[in-house]
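Visitor: I have a chain open on my screen and would like to go through it with you. Where do we start?

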Amino acid sequence: MEYKIIDISEEDYGCEGIPEGSELMCSVLLESPDGARKWVKMADRYLRENNIDIGSIIAD
């Protein structure tokens, strides 16, 4: 199934920052062709390396 990226938000790690050994994660709002929406977490690095941004279409 294909999903359209509706919104991307960086996770808030507070004043402690990203936990050691972890990577920056983003909350990504996906919309399916039937209009259903769901939030998923994706690594910021993955989004950047694959040029995924708001409006992009990704496959499940």
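Guide: With a term: a residue is buried under 20% relative accessible area, exposed over 50% and partly exposed in between, using a 1.4 Å probe and protein chains only. Glu23, with a relative accessible area of 34%, is therefore partly exposed.

Visitor: What kind of model is it, and how is it numbered?
Guide: The model is predicted, so local features need pLDDT of at least 70 and side-chain atom pairs count only at pLDDT 80 or more, while totals for chains, interfaces and linings use all residues. Residues are numbered from 1 along each chain as its sequence is written, and side-chain values use heavy atoms, with hydrogens and water left out.

Visitor: How many helices and strands are there?
Guide: The protein has 1 helix and 4 strands. Along the sequence the pattern reads β-β-β-α-β. Helices (H or I, at least four residues) and strands (E, at least two) are DSSP runs, numbered from the N terminus.

Visitor: What is the strand order in the sheet?
Guide: The order is β3-β2-β1-β4, in an open sheet of 4 strands with antiparallel pairing. Two strands pair if DSSP finds at least two bridges between them.

Visitor: Which strands are at the edges?
Guide: β3 (37–43) and β4 (57–59) are at the edges. Each has a single partner strand, so one side of each is left without a neighbour in the sheet. The twist averages 45° from one strand to the next; axes for such angles are lines fitted to C-alpha atoms, for helices over the stretch in contact, and angles run from 0 to 180 degrees between N-to-C directions.

Visitor: How many bridges join β1 to β2?
Guide: There are 6 bridges between β1 (residues 2–10) and β2 (residues 25–31), and the two run antiparallel. Asp7 has Leu29 in β2 opposite.

Visitor: And how many join β2 to β3?
Guide: 7 bridges, again in an antiparallel pair. Across from Val28 is Val40 in β3, and across from Leu30 is Lys38 in β3. As for β2 itself, 5 of its 7 residues are buried.

Visitor: Is Ser32 buried or exposed?
Guide: Ser32 is buried, because its relative accessibility is 7%. Its side chain makes a polar contact of 2.3 Å with that of Asp34. A polar contact is a pair of N or O atoms within 3.5 Å; within protein, one must be able to donate a hydrogen and the other to accept it, and residues adjacent in sequence count only if both atoms are side-chain atoms.

Visitor: What else is Ser32 in contact with?
Guide: Leaving aside neighbours within four places in sequence, Ser32 is in contact with Met1, Glu2 and Tyr3. Contact means heavy atoms within 4.5 Å.

Visitor: Switching to charges: how many salt bridges are there?
Guide: A search of the whole structure gives 4. A salt bridge is a side-chain nitrogen of Lys or Arg within 4 Å of a carboxyl oxygen of Asp or Glu.

Visitor: Which residue does Glu23 pair with?
Guide: Glu23 meets Arg45 in a salt bridge of 3.2 Å, N to O. The pair links distant parts of the chain, with Glu23 in the loop between β1 and β2 and Arg45 in helix α1 (residues 44–49), 22 residues apart. Arg45 is partly exposed, at a relative accessible area of 38%. Glu23, Arg45 and Glu49 are linked in a network of salt bridges.

Visitor: What about Asp44?
Guide: Asp44 forms a salt bridge with Arg48, with the closest N and O atoms 2.7 Å apart. The two are 4 residues apart in helix α1, so about one helical turn separates them. Asp44 is buried at 14% relative accessibility, whereas Arg48 is exposed at 54%.

Visitor: Which residue forms a salt bridge with Arg37?
Guide: Glu31, with the closest N and O atoms 3.0 Å apart. Glu31 is partly exposed, having a relative accessible area of 21%.

Visitor: Last topic: what are the overall figures?
Guide: The C-alpha trace spans about 40 × 20 × 15 Å along its principal axes. Of the 60 residues, 25% count as buried. Among contacts with a separation of 6 or more, 46% are between residues 24 or more positions apart.
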